[in-house]
Amino acid sequence: MATVESTPASLDQIAGDVTDYYASTLAQHGATPRGVDWSCKPTQELRFIQLLRLCSFKAAFSMNDVGCGYGALRGFLRQRHRRARVDYLGIDLSQAMVDSARSRWGHVPQTRFETASASLRLADYSIASGLFNVKLHHPETAWEPWVAHTLQSLHAASQTGFAVNFLSPPLPGETTPSELYRPNIEQWTDYCESALQSAVEPITGYGMREYTLLVRRR
């Protein structure tokens, strides 16, 4: 894959637009899957299952949840992996999202939420669910440098590896909303293998038009 370049100004513009967009979805739908632009709780949790295949729950670990929204993944961990010892940090661009997450999960031990554009610490794992799907009005030539920048940040903040997901490309003859980003699976798999020097495990076939990449340090 060709080198992806960006400027601080363009990254700041995208970050600002993404913040405004999700602040509006939260205001409209509240702390629900719709509030972070997912259709429903079952599909949201199915995505979490794929992303968490990265993690070993046999021992305690630390996790960065980048683009944490209202903290749904923290709630899922308590429900699905009740005995897991997880030092969890949720990070989101939106102060409104972080405030909502703190009100719901701030009382949970080893749990905190911060407003930031990238992880504030080195953790064992980093997770980013749905972070790249809605590019709004930005062309791919602007959006893809932001994706690359974010993948680099996830890699730098993850001692063992990170997991992300993307929407699958449209089928032949299928139309798709212009604000959605739907890259080929090879594009970011190749990027993580070459630019980040990581081993990538693609996860497909779990019933939705998307895929998950488990990216582990070699």
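Which residue in β2 does S62 stand opposite?

Tutor: S62 stands opposite D87 in β2. Before going on, a word on the model: it is predicted, so local features need pLDDT of at least 70 and side-chain atom pairs count only at pLDDT 80 or more, while totals for chains, interfaces and linings use all residues. Residues are numbered from 1 along each chain as its sequence is written, and side-chain values use heavy atoms, with hydrogens and water left out.

Back to that pair. Strand β1 (residues 61-66) runs parallel to β2 (residues 86-92), with 6 bridges between them. Strands here are DSSP E runs of at least two residues and helices are H or I runs of at least four, numbered from the N terminus; two strands count as paired if DSSP finds at least two bridges between them. To get from β1 to β2, the chain passes through helix α3 (residues 72-80), in a right-handed β-α-β crossover. Right-handed means that, with the strands pointing away from the viewer, the path from the first strand over the helix to the second runs clockwise. As for cover, 6 of the 7 residues in β2 are buried, that is, under 20% relative accessible area with a 1.4 Å probe, protein chains only.

On we go to β3, which is parallel to β2 and joined to it by 5 bridges. I91 has E114 as its bridge partner in β3. In the loop between α4 and β3 sits Q110, whose phi is positive, near 55°, though the residue is not glycine.

Now zoom out. The open sheet has 7 strands in the order β3-β2-β1-β4-β5-β7-β6, with mixed pairing. Its edge strands, β3 (111-115) and β6 (198-203), each pair on one side only. Neighbouring strands are turned by 20° against each other on average, direction ignored; axes are lines fitted to C-alpha atoms, for helices over the stretch in contact, and angles run from 0 to 180 degrees between N-to-C directions.

Further along, β4 (residues 123-128) and β5 (residues 158-167) pair in parallel over 5 bridges, and A128 stands opposite V164 in β5. Helix α6 (residues 185-194) packs on the sheet, touching β5, β6 and β7, and makes about 155° with the direction of β6; contact means heavy atoms within 4.5 Å. Between α6 and β6, the loop holds Q197, a non-glycine residue with a positive phi of about 55°.

Conventions. Buried < 20%, exposed > 50% of the residue type's maximum accessible area, 1.4 Å probe, protein only.
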